[in-house]
Amino acid sequence: MNVPASFKIVFIVVTALTVLSFISMGALALWGSNGTTEAELSVFQRNFYGACSFGWQAGLGAILGLIGGKVTQ
């Protein structure tokens, strides 16, 4: 199968952003504040968690879409 260079670049970037979002969520869980309820967390931490959560979920969907689109060609 011939894979164009542009596909490889897009795939690597999407994978890197997905992994970065997932690692950021783990770092927030390990080194974030000790709040146990949502009210005890800062607004920044809640927004950062939401962005990272969306990032890895959307990234995983994009990876599966890229692989599925390449398989059908």
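Helices (H or I, at least four residues) and strands (E, at least two) are DSSP runs, numbered from the N terminus. The model described here is predicted: local features need pLDDT of at least 70, side-chain atom pairs count only at pLDDT 80 or more, and totals for chains, interfaces and linings use all residues. Residues are numbered from 1 along each chain as its sequence is written, and side-chain values use heavy atoms, with hydrogens and water left out.

**Helix packing**

Helix H1 covers residues 5-31 and helix H2 residues 43-72; their axes come within 8 Å and cross at roughly 150°. H1 is therefore roughly antiparallel to H2. Axes are lines fitted to C-alpha atoms, for helices over the stretch in contact, and angles run from 0 to 180 degrees between N-to-C directions. Angles under 35 degrees count as roughly parallel, over 145 as roughly antiparallel, 65 to 115 as roughly perpendicular and the rest as oblique.

The crossing of H1 with H2 is left-handed (the near helix is turned anticlockwise from the far one by less than a right angle; clockwise would be right-handed). Sorted by class, the contact of H1 with H2 has 16 nonpolar, eight polar and one charged residues. Here Ala, Val, Leu, Ile, Met, Phe, Trp, Tyr, Cys and Pro count as nonpolar, Asp, Glu, Lys and Arg as charged, and the others, Gly among them, as polar.

**Aromatic pairs**

Rings of Phe, Tyr and Trp (its six-membered ring) pair if their centres lie within 6.5 Å; planes under 30 degrees apart count as stacked, over 60 as edge-to-face and the rest as tilted. By this rule there are three aromatic pairs. One of them joins phenylalanine 7 and phenylalanine 11, which is stacked because the ring centres are 6.2 Å apart and the planes are at 20°. Both residues lie in helix H1, four residues apart, about one turn of the helix.

Phenylalanine 22 and tryptophan 56 form an edge-to-face pair, 5.7 Å centre to centre with 80° between the planes. Phenylalanine 22 lies in H1 and tryptophan 56 in H2, so this pair ties together parts that are 34 residues apart in sequence.

Lysine 70 lies over the face of phenylalanine 7, at 4.9 Å from the ring centre. The criterion is NZ of Lys or CZ of Arg within 6 Å of the ring centre and within 35 degrees of the ring normal.

**Accessibility and separations**

Buried means under 20% relative accessible area, exposed over 50%, and partly exposed in between (1.4 Å probe, protein chains only).

| Residue | Relative accessibility | Class |
|---|---|---|
| Phenylalanine 11 | 27% | partly exposed |
| Phenylalanine 22 | 52% | exposed |
| Tryptophan 56 | 25% | partly exposed |
| Serine 42 | 35% | partly exposed |
| Isoleucine 12 | 57% | exposed |

Serine 42 is in the loop between H1 and H2. Its C-alpha is 9.7 Å from that of glycine 32, ten residues apart in sequence. Isoleucine 12 belongs to helix H1; the C-alpha atoms of isoleucine 12 and serine 42 are separated by 33 Å, at 30 residues apart along the chain.
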